[in-house]
Amino acid sequence: MESYIVRIYRQDITNPHNMAGIVVKASDDTETRFTSSGELIDLLSQLEETSFQPHRPLSAHMN
Amino acid sequence: MNTPQNKILSLLATMENGDLLECIRQSNQQFSAPLFDTTDDGWPIRIYTLGRFSLLTNDKPMDFPGRAKRKPMDLLKVLIALGGRDVCQVKIAEILWPDADGDAAHRSLDTTLHRLRKLLDNEKAIVLREGKISLNNECCWVDAWTFERLQGKLESLLDQLLLENLDNQDIIKLATTALTLYKGPFLGLSSSESWAIAYRERLRSKFIRLLRKVGRFYESSAELELALEAYLKGLEIDSLLEEMYQRAMACYIKLELRAEAILLYQRCVSNLNAQLGITPSARIEELYQSLLDS
């Protein structure tokens, strides 16, 4: 099972959907960036299709 | 074990003709009230997990060649990663023997637990009670546990410091110890097991939070070089932490190191653009503008 870490570095207070962060693939540290909550959801959905086991939650992390 | 209590008892045992004053003088000298006991000296089992994995039993480092020790060591790592106390044995068995059925996994765990106790040369090191496994903190010292305790203590002290005037030198000593303890990610960079990620991230997050607080404390104590060191250490851990850039730039400016501040700004712009596709925050831009205007 592959694991991913979500790091959110910036979030707009007035519009929380505006955010900047990266999703890190734990096995090889490859990073994919996102700039909005929509992009993050799309990214996670793509990852889920390829390798997620739905009952295992992501390790979410807010810096 | 070389605890303060044992040191007092051994002093008393060697005392001749009731030389109590000398004994008290010595004990005061030796135990002059550290705010927090962080030393790994004297522990029968010492486990280092930050930035690496290594183990000392009775002061002797343990090597890990061959398969015989692999599973017991994996058990020890998993136990620490899951908190080290009252960890459900079923959960550990599921992680270590994912393909085995319940009974087989249970038997394997029993055997591995026995081998681990033997390797640690201490029957009491691992406690199994009512289906839950714990690492005995009376004979095992774990760097990550000490770091977490120290980090919690320091954070509460730094919060109090705003209200009460505590001794800055004590805080600096504690902060230096805590920052030195964290030598890198839990179990080092080579380990990417999914069961280690949550604890690794928690420790990383605590370390970054501590660097922020300690940096702020150093700034307020006019220890700008130390503050700068804390912020730059934060950027070594994660090159996308804008607050670290901002505070480090502010320190450089106060230290009249204009060129260094500009270089750091350029590093910030480059990293944020390359990795997140964003520009620096308004605060960082203001700082940079103030540098250009000065």
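Colleague: Which element gives the most to the lining of the second largest pocket?

Modeller: H8(B) gives the most, with five residues, where helices (H or I, at least four residues) and strands (E, at least two) are DSSP runs numbered from the N terminus. This is a predicted model, in which local features need pLDDT of at least 70 and side-chain atom pairs count only at pLDDT 80 or more, while totals for chains, interfaces and linings use all residues. Residues are numbered from 1 along each chain as its sequence is written, chains are lettered from A and ligands numbered from 1 in the order in which they are written, and side-chain values use heavy atoms, with hydrogens and water left out.

Colleague: What makes the second largest pocket a pocket, and what is its volume?

Modeller: On a 1 Å grid over the protein atoms alone, a pocket is an open set of points with protein on both sides within 12 Å along at least five of seven lines, whereas a cavity is a set where a 1.4 Å probe fits but cannot get out; lining residues have an atom within 4 Å of a point. The second largest pocket has a volume of about 630 Å³, a volume being the space filled by probe spheres set on points joined across faces, edges and corners. Among its 28 lining residues, A:Arg7, A:Asp29, B:Leu189, B:Arg204 and B:Ile237 are the closest to the centre. Two or more residues each come from strands S1 (4-11) and S2 (18-25) of chain A and from helices H8 (194-220) and H9 (224-237) of chain B.

Colleague: How does the lining of that pocket divide by class?

Modeller: It divides into twelve nonpolar, six polar and ten charged residues, with Ala, Val, Leu, Ile, Met, Phe, Trp, Tyr, Cys and Pro taken as nonpolar, Asp, Glu, Lys and Arg as charged, and the others, Gly among them, as polar.

Colleague: Why are H3(B) and H5(B) called roughly perpendicular?

Modeller: Their axes, which are lines fitted to C-alpha atoms over the stretch in contact, with angles from 0 to 180 degrees between N-to-C directions, come within 9 Å and cross at roughly 90°. Angles of 65 to 115 degrees count as roughly perpendicular, under 35 as roughly parallel, over 145 as roughly antiparallel and the rest as oblique, and H3(B) is therefore roughly perpendicular to H5(B). The contact (heavy atoms within 4.5 Å) involves residues including B:Leu75 and B:Leu76 of H3(B) and B:Leu113 and B:Leu116 of H5(B).

Colleague: How do you know that S5(B) and S6(B) pair?

Modeller: Two strands pair if DSSP finds at least two bridges between them, and S5(B) and S6(B) (residues 132-135) have four, in the antiparallel sense. B:Val127 has B:Ser134 as its bridge partner in S6(B). S4(B) and S6(B) pair over two bridges, also antiparallel, and B:Val87 stands opposite B:Ile133 in S6(B).

Colleague: What makes S4(B) and S5(B) edge strands?

Modeller: The open sheet has the order S4-S6-S5 in chain B. S4 (87-88) and S5 (126-129) each have a single partner strand, so one side of each is left without a neighbour in the sheet.
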